[in-house]
Amino acid sequence: MHARFRAPGGPLQWSACALFFTALVLHATEATAHNVTEGDAGYIQEIWGVNLIPFIYLGAKHMVTGYDHILFLLGVVFFLYRMKHVALYVSLFAFGHSVTMLAGVYFSWNVNPYMIDAIIGFSVVYKALDNLGAYQRWFGFQPNTKAATLIFGLLHGLGLAAKILDYRIAPDGLLPNLIAFNVGVELGQLLALAAILIVMGYWRRADSFWRHAYTANVVMMSLGFMLMGLQITGYFVAA
């Protein structure tokens, strides 16, 4: 699979890549990944008891606007062609982030949001390098992709938990509301996954796919490094 990669050779391709990367950088610097808006936080702090529909909505919104999660998901399915493989890897990711998200909020795990988001950024870098075949060339072996997807899913869940704790959810009805939020996250993930698979399906039919796949993963890796840098900088600025 990785042996078919060819680095893009034309200046036009690199210019398009640079423009795309710059647009994403500008977008990312204007907002924190899946940030809690003031309106959402204020609404959650005003309600009490079991509110399933609002939490489902917030969970879906949380995932759809969480571009770090979507970037990792894109990396995971980038070279998956069979739906059973897509279902397996997405299920591992979903199981991982569901476990730590629910446990992290329910037990109020105190995880530094900057550090966990930096690790999430690293997960994007890791997956892009995996897609580029870097580990085989550098170290002579292929890490277990299923285990990596599950582990990073657990870490992504901690990131979700850190953001949910910002809502300061009322203890009354906490568990049902958390489950509803998680259902919303999974619905949002399915929506994002469907969009990714539709675009990838059309792109893979193009003759240029294998020429541009290299560039796409380099851009993905660069965005992961950028997210890491933003979060690490935020950690030291907030300290």
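Author: Let's start with rings: those of Phe, Tyr and Trp (its six-membered ring) pair if their centres lie within 6.5 Å, and planes under 30 degrees apart count as stacked, over 60 as edge-to-face and the rest as tilted. Here, ring pairs link Phe 72, Phe 93, Phe 122, Tyr 126, Tyr 135 and Phe 152 into a cluster. Bear in mind that this is a predicted model, where local features need pLDDT of at least 70 and side-chain atom pairs count only at pLDDT 80 or more, while totals for chains, interfaces and linings use all residues. Residues are numbered from 1 along each chain as its sequence is written, and side-chain values use heavy atoms, with hydrogens and water left out.

Reader: How many aromatic pairs does the structure hold?

Author: A pair of aromatic rings is described by the distance of the centres and the angle of the planes. The structure holds 16 aromatic pairs. Take Phe 78 and Phe 79: their ring centres are 4.9 Å apart and their planes sit at 70 degrees, so they are edge-to-face. Both Phe 78 and Phe 79 are buried, buried being under 20% relative accessible area, exposed over 50% and partly exposed in between (1.4 Å probe, protein chains only). Trp 203 and Phe 209 also make an edge-to-face pair, with centres 4.9 Å apart and planes at 80 degrees. In that pair, Trp 203 is partly exposed at 23%, whereas Phe 209 is buried at 1%.

Reader: And the nonpolar core: which residues have the most contacts inside the largest one?

Author: In soluble globular proteins, nonpolar side chains tend to be buried together. A nonpolar core is a set of buried Ala, Val, Leu, Ile, Met, Phe, Trp, Tyr and Cys residues joined through side-chain atoms within 4.5 Å. The largest has 35 residues, and Val 77, Phe 78 and Phe 209 have the most contacts inside it. Helix α10 (209-238) is one of the helices that each supply at least two residues of this core, and α10 gives the most, with 10 residues. Helices, by the way, are DSSP runs (H or I, at least four residues), numbered from the N terminus. Apart from this core lies another, of 17 residues, among them Met 63, Val 105, Ala 161 and Leu 174.

Reader: Where is Thr 149 placed, and what does its side chain do?

Author: Thr 149 belongs to helix α8 (residues 145-165) and is buried, with a relative accessible area of 2%. A polar atom of the Thr 149 side chain lies 2.8 Å from the backbone oxygen of Thr 145. Contact means heavy atoms within 4.5 Å; leaving aside neighbours within four places in sequence, Thr 149 is in contact with Phe 72, Val 76, Tyr 89, Leu 92 and Phe 93.

Reader: How many salt bridges are there?

Author: Look for a side-chain nitrogen of Lys or Arg within 4 Å of a carboxyl oxygen of Asp or Glu. The count comes to two. In one, Asp 117 and Lys 163 have their closest N and O atoms 2.7 Å apart; Asp 117 lies in helix α6 and Lys 163 in helix α8, so the pair ties together parts that are 46 residues apart in sequence. Both Asp 117 and Lys 163 are buried. Lys 127 forms a salt bridge with Asp 130, at 2.9 Å between the closest N and O atoms.

Reader: Why are Lys 127 and Asp 130 separated by about one helical turn?

Author: An α-helix has 3.6 residues a turn, so residues three or four places apart point the same way. Lys 127 and Asp 130 are three residues apart in helix α6, which puts about one helical turn between them.

Terms used
A polar contact is a pair of N or O atoms within 3.5 Å; within protein, one must be able to donate a hydrogen and the other to accept it, and residues adjacent in sequence count only if both atoms are side-chain atoms.
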